[in-house]
Amino acid sequence: MTGSPWLDDEQQTAWRAWLEVHTRLSARINRELQATSGLSLADYEVLVALTDVAEGSIRLRDLGDQLQWEKSRLSKHLTRMQRRGLVARRDCADDRRGAFVGITDQGRTAIRSAAPAHVDLVRRVFFDGITPEQVRQLTAVLDAVRGRLGD
């Protein structure tokens, strides 16, 4: 032990609730995405990142940073997505070690098809149970925590 005080009861309850919600929500979203679209949550995250950039293409290292994935996880996952025709890789012309990944037409079709059911699920299991004021409070809390992460 480093001498830091333990979490108090309220902090412990909040922390454990956050961990449980995060784990259960991720698992539920993953299951339902798979069932309704054949995409995993990881596939969906990659496709969202690619549709968020105007060109539909991003450097591999920037995608890894954005998703907070290790290089090997990203590479293996993109290989699986590439085999399914959802993304395409291309070398970087001005940096021999760099590469880009871009969304394909098939990837755009897949995310457009998956998005309505995904949004419906997020709304039903997350937002429908809380008030607009709680959404604002949650956003403020998450912004504060995100700001302390430093990366």
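**Figure 1. The whole chain, element by element.** Starting at the N terminus, the elements of the protein chain follow the order α-α-β-α-α-β-β-α-α. That order holds 6 helices and 3 strands. Please keep in mind that this is a predicted model. Along the principal axes, the C-alpha atoms of the protein chain fill a box of roughly 55 × 40 × 25 Å. Of the 151 residues in the protein chain, 27% are buried. The protein chain has an accessible surface of about 10900 Å², and carbon and sulfur atoms account for 52% of that area.

**Figure 2. A look into the largest nonpolar core.** Here we meet a core of 27 residues, where Val 46, Leu 47, Leu 63, Leu 78, Val 87 and Val 101 have the most contacts inside it. Two or more residues of this core come from each of α1, α2 (41–51), α3 (60–67), α4 (71–83), β3 (95–103) and α5 (105–127). Helix α2 gives the largest share, 7 residues. Which residues does Leu 78 contact, leaving aside its neighbours within four places in sequence? They are Val 46, Leu 60, Leu 63, Val 87, Arg 89 and Val 101.

**Figure 3. A nonpolar patch on the surface.** Now we turn to the outside, where Leu 7, Trp 15, Trp 18, Leu 19, Val 141, Leu 142, Val 145 and Leu 149 form a nonpolar patch. Together these residues have about 770 Å² of accessible area. Helices α1 (9–37) and α6 (132–149) each supply at least two residues of the patch, and α6 gives the largest share, with 4 residues. Take two members to compare: Trp 15 sits in helix α1, and Leu 149 in helix α6. Trp 15 is partly exposed because its relative accessible area is 45%, while exposed means over 50%. Leu 149 has 57% relative accessibility, so this residue counts as exposed.

**Figure 4. Helix α6 and the residue just after it.** How far apart are the end C-alpha atoms of α6? They are 26 Å apart, which agrees with the 26 Å that 18 residues should span at 1.5 Å a residue. Just after α6 comes Gly 150, with a positive phi of about 75°.

Figure 5. Side chains of opposite charge can pair when their charged atoms come close. In the whole structure, a search finds 8 salt bridges. One of them joins Glu 20 to Arg 24, with the closest N and O atoms 3.0 Å apart. Is Arg 24 buried or exposed? Arg 24 counts as exposed, because its relative accessibility is 57%. Another salt bridge links the side chains of Arg 28 and Glu 32, at 2.7 Å from N to O. Arg 28 and Glu 32 are also both in helix α1, again 4 residues apart.

Figure 6. The closest N and O atoms of Asp 62 and Arg 61 are 4.0 Å apart, and the two residues form a salt bridge. Elsewhere, salt bridges that share partners join Arg 28, Glu 32, Asp 120 and Arg 124 into one network.

**Figure 7. Gln 68 in its loop.** Gln 68 lies in the loop between α3 and α4. Its phi is near 60°, a positive value in a residue other than glycine. Gln 68 counts as exposed because its relative accessibility is 55%.

Note on methods
Residues are numbered from 1 along each chain as its sequence is written. This is a predicted model: local features need pLDDT of at least 70, side-chain atom pairs count only at pLDDT 80 or more; totals for chains, interfaces and linings use all residues. Side-chain values use heavy atoms; hydrogens and water are left out. Patches are made of residues with over 30% relative accessible area and no salt bridge: like charges are joined within 9 Å, nonpolar side chains (Val, Leu, Ile, Met, Phe, Trp, Tyr) within 5 Å. Accessible areas come from the Shrake-Rupley method with a 1.4 Å probe; for residues, only the protein chains shown count as cover. Buried means under 20% relative accessible area, exposed over 50%, partly exposed in between (1.4 Å probe, protein chains only). A nonpolar core is a set of buried Ala, Val, Leu, Ile, Met, Phe, Trp, Tyr and Cys residues joined through side-chain atoms within 4.5 Å. Contact means heavy atoms within 4.5 Å. The expected span of a helix is 1.5 Å times one less than its number of residues.
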